[in-house]
Amino acid sequence: IRVILMPKDTNALGTIFGGVILSYIDLAGAVEAHRHCTGRLVTVAMREVVFHQPVFVGDLVSFYTSTKRLGNTSVKVDVSVGGQQ
């Protein structure tokens with residue numbers, strides 16, 4: 001998934017809210033999981049999120065996914081985030 005973040009996504013410091021990034025991470029993970037199963041999916045946990053640098057308005061942000069484990073009732077997906085100004 002690739003998105004360009006807009007002014008509505010900014011906090012008081014002029015950077016993008018972390019929650020907006022988390023929302024896109026969740027969405028990207030769901031898209032990847034849907035490749036392997038049909039029906040409803042629910043995010044049970046996000047194990048670790050580390051923000052290395054701020055994201056600014058107009059940045060193009062890419063969310064890269066890979067399936068790590070496919071079980072009978074679960075899918076484990078890794079999501080990496082990259083951006084460019």
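Let's begin at Lys-76, which counts as partly exposed at 43% relative accessibility. Here buried means under 20% relative accessible area, exposed means over 50%, and partly exposed is in between, using a 1.4 Å probe and protein chains only. Lys-76 sits in strand S3, residues 75-84. Helices (H or I, at least four residues) and strands (E, at least two) are DSSP runs, numbered from the N terminus. Show what surrounds Lys-76: leaving aside neighbours within four places in sequence, Lys-76 is in contact (heavy atoms within 4.5 Å) with Ser-66, Thr-67, Lys-68 and Arg-69.

A quick note before you click on. This is a predicted model, where local features need pLDDT of at least 70, side-chain atom pairs count only at pLDDT 80 or more, and totals for chains, interfaces and linings use all residues. Residues are numbered from 1 along each chain as its sequence is written, and side-chain values use heavy atoms, with hydrogens and water left out.

**Zoom out**

Switch to a cartoon view and you'll find 1 helix and 3 strands, running β-α-β-β from the N terminus. The C-alpha trace spans about 45 × 20 × 20 Å along its principal axes. Of the 85 residues, 20% are buried.

**Select the helix**

Pick residues 18-34, helix H1. H1 has 17 residues and reaches 24 Å from its first C-alpha to its last, close to the 24 Å expected at 1.5 Å a residue; the expected span is 1.5 Å times one less than the number of residues. Which residues of H1 are buried? Colour Val-20, Ile-21, Ile-25, Ala-28, Gly-29, Glu-32 and Ala-33 to see them.

Val-31 is also in H1, but Val-31 is partly exposed, with a relative accessible area of 46%.

**Look inside**

Next, select Val-3, Leu-5, Ile-16, Val-20, Ile-21, Ile-25, Ala-28, Val-55, Val-61 and Phe-63: these 10 residues make up the largest nonpolar core. Such a core is a set of buried Ala, Val, Leu, Ile, Met, Phe, Trp, Tyr and Cys residues joined through side-chain atoms within 4.5 Å. H1 gives the largest share of this core, 4 residues. Click on Val-3: beyond its neighbours within four places in sequence, Val-3 is in contact with Tyr-24, Asp-59, Leu-60, Val-61 and Phe-63.

**Find the charged pairs**

Side chains of opposite charge can pair when their charged atoms come close. How many salt bridges are there? The count is 2, where a salt bridge is a side-chain nitrogen of Lys or Arg within 4 Å of a carboxyl oxygen of Asp or Glu.

Select Lys-8 and Asp-9 for one of them, at 3.1 Å from N to O. Lys-8 is exposed at 69% relative accessible area, whereas Asp-9 is buried at 7%. Asp-9 lies in the loop between strand S1 (2-4) and H1. Leaving aside neighbours within four places in sequence, Asp-9 is in contact with Thr-15, Ile-16, Phe-17 and Val-20.

Then go to Arg-35 and Glu-32, whose closest N and O atoms are 2.9 Å apart in a salt bridge.
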